[in-house]
Every structure is written in C-alpha cells, then in structure tokens.
Amino acid sequence: MRLLLAAAVAALIASVTLIAPARAAVGEVIGGLLRVAGVEVRREHSADPLPPSPSPLPSSRSVALAEADRRAAFPVRMPESLGEPEEVQLSDPDQSGAPRVVTMIFRGGTGRFEQFDGSLEPAFFKTAPNAAWVELGSGADPGSGVWSGAVWLPGPHPVTYVGRDGVTRTETARLAGPTLIWASADSVTYRLEGIATLEEATEVARSVR
C-alpha cells in the first residue's frame, strides 16, 4: 500500500510543475497545458477553424499613450527597444472605463505588445503544439530584477479572447505570429507578438520599463 501511495504521489508531482514559486505570478505546467497569469496555452493542434475575418477585441479604441497610462488600473509599460508605439489601443473596459487590455502597435502593425491584469480569469486561449517554457533572465520583470520565465510560441497559432464578462468571443480568434508571454510580480501579464526569434523577443522583453 505504501508503495502504491508513493507511486501516486510521484505521478502527481511529475504531472504538475510550478515554475519560479517565489514569484507572485506563477507559471504552471500541467501535462500539455501551460499557464501564465491571464493566458492559457494548450500544446496541441487546433481543432476549430478560424473565422475568415477576425474582429478587434471588445470596445477597442485608439488613444494617446498618456490616456492609456491614466485609465489603466495597472502600470502601463513600454518596450523601450521598439521605440514609440505607432498606435495605442484600450479594450474591454469595466464600468469605470478602466481597460482590461492595453495594446501597443509597432513595425507597421506586424508587432504587438499587449498588457493586462493577469490576476483576473484567463483572457487569452491559444493552441500551439510546439509551445515551450523558457527563461528570460534577470531584469525581465520591470523594477524587480528577478529571474523570470515565459512561454514561447515560435510559429503562427490561433488565439481566442475571453471577455471580462466570461464570454468566449470566437469572432476575435485570429492567427497570431511568434509570441512571448510572461507576467510580472505585480500580476500584469505581457504578450509580445510578431518578433521572429526568441533571442530578439527576449531582448525586447528585457527592455520593458
């Protein structure tokens, strides 16, 4: 009986792994599922077709960077190595007007940097068979200098948004480019999309201030 119990405990430990347990926003790996606060990634091929014309996130509007900083309930940060964003969007606001998602557009629309409150329920769901956990290194968490982990999706993959109301909006599903996902110690989740290599994406992530 003790041997069976020990085997069961060992199997549980093997299937549930906590990454960087000292962090407030913990990454989690459960079998083929990767979680970073606010984002859930399944390491599998998508079974559902994408809509022919994906729509923006709910209630999206373009604003000045100063307004995004003023309205968001979390600190709005920017990847300094990419320079000034060409466009800033606020999406899915609450009743007070505070956005759930702040999106910055770079490189003629091919680069996207999204940030949102990762302490809420997952907002983005992705499927990518080659998703992997990677280490960003020291300084990737703005202001803390801690070592940080992330999820790297190296190729195009489907992504679906779940609104603040909990409704999955399949019309917002789209094919995203290479994406790096990580979370800060203050539970802000970041999505950096459109950077072709992990090396460059890591450098951009480390420049977030």
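Author: A salt bridge is a side-chain nitrogen of Lys or Arg within 4 Å of a carboxyl oxygen of Asp or Glu. The model here is predicted.

Reader: How many salt bridges does the structure hold?

Author: Side chains of opposite charge can pair when their charged atoms come close. The structure holds seven salt bridges.

Reader: Which residues are linked in a network of salt bridges?

Author: The network links Arg 112, Glu 114, Arg 191 and Glu 193. Within it, Arg 112 meets Glu 114 at 2.6 Å, N to O. Arg 191 pairs with Glu 193, and their closest N and O atoms are 2.9 Å apart.

Reader: Are Arg 191 and Glu 193 buried or exposed?

Author: Buried means under 20% relative accessible area. Both Arg 191 and Glu 193 are buried. Arg 112 is buried because its relative accessible area is 18%, and Glu 114 is buried because its value is 1%.

Reader: Where do Arg 71 and Glu 67 lie?

Author: Both are in helix α2, four residues apart, which is about one turn of the helix. Arg 71 forms a salt bridge with Glu 67, with 2.9 Å between the closest N and O atoms. Glu 67 is buried at 18%, whereas Arg 71 is partly exposed at 34% relative accessibility.

Reader: Why does Ala 73 count as exposed?

Author: Exposed means over 50% relative accessible area. Ala 73 has 73% relative accessibility, so it counts as exposed. Ala 73 sits in the loop between α2 (65–71) and β6 (87–93). Its C-alpha atom is 9.8 Å from that of Gly 97, 24 residues apart along the chain.

Note on methods. Residues numbered from 1 in each chain as written. Predicted model: local features only at pLDDT ≥ 70, side-chain atom pairs only at ≥ 80, totals over all residues. Heavy atoms only, no water. Helix = DSSP H or I, 4+ residues; strand = E, 2+ residues; numbered from the N terminus. Buried < 20%, exposed > 50% of the residue type's maximum accessible area, 1.4 Å probe, protein only.
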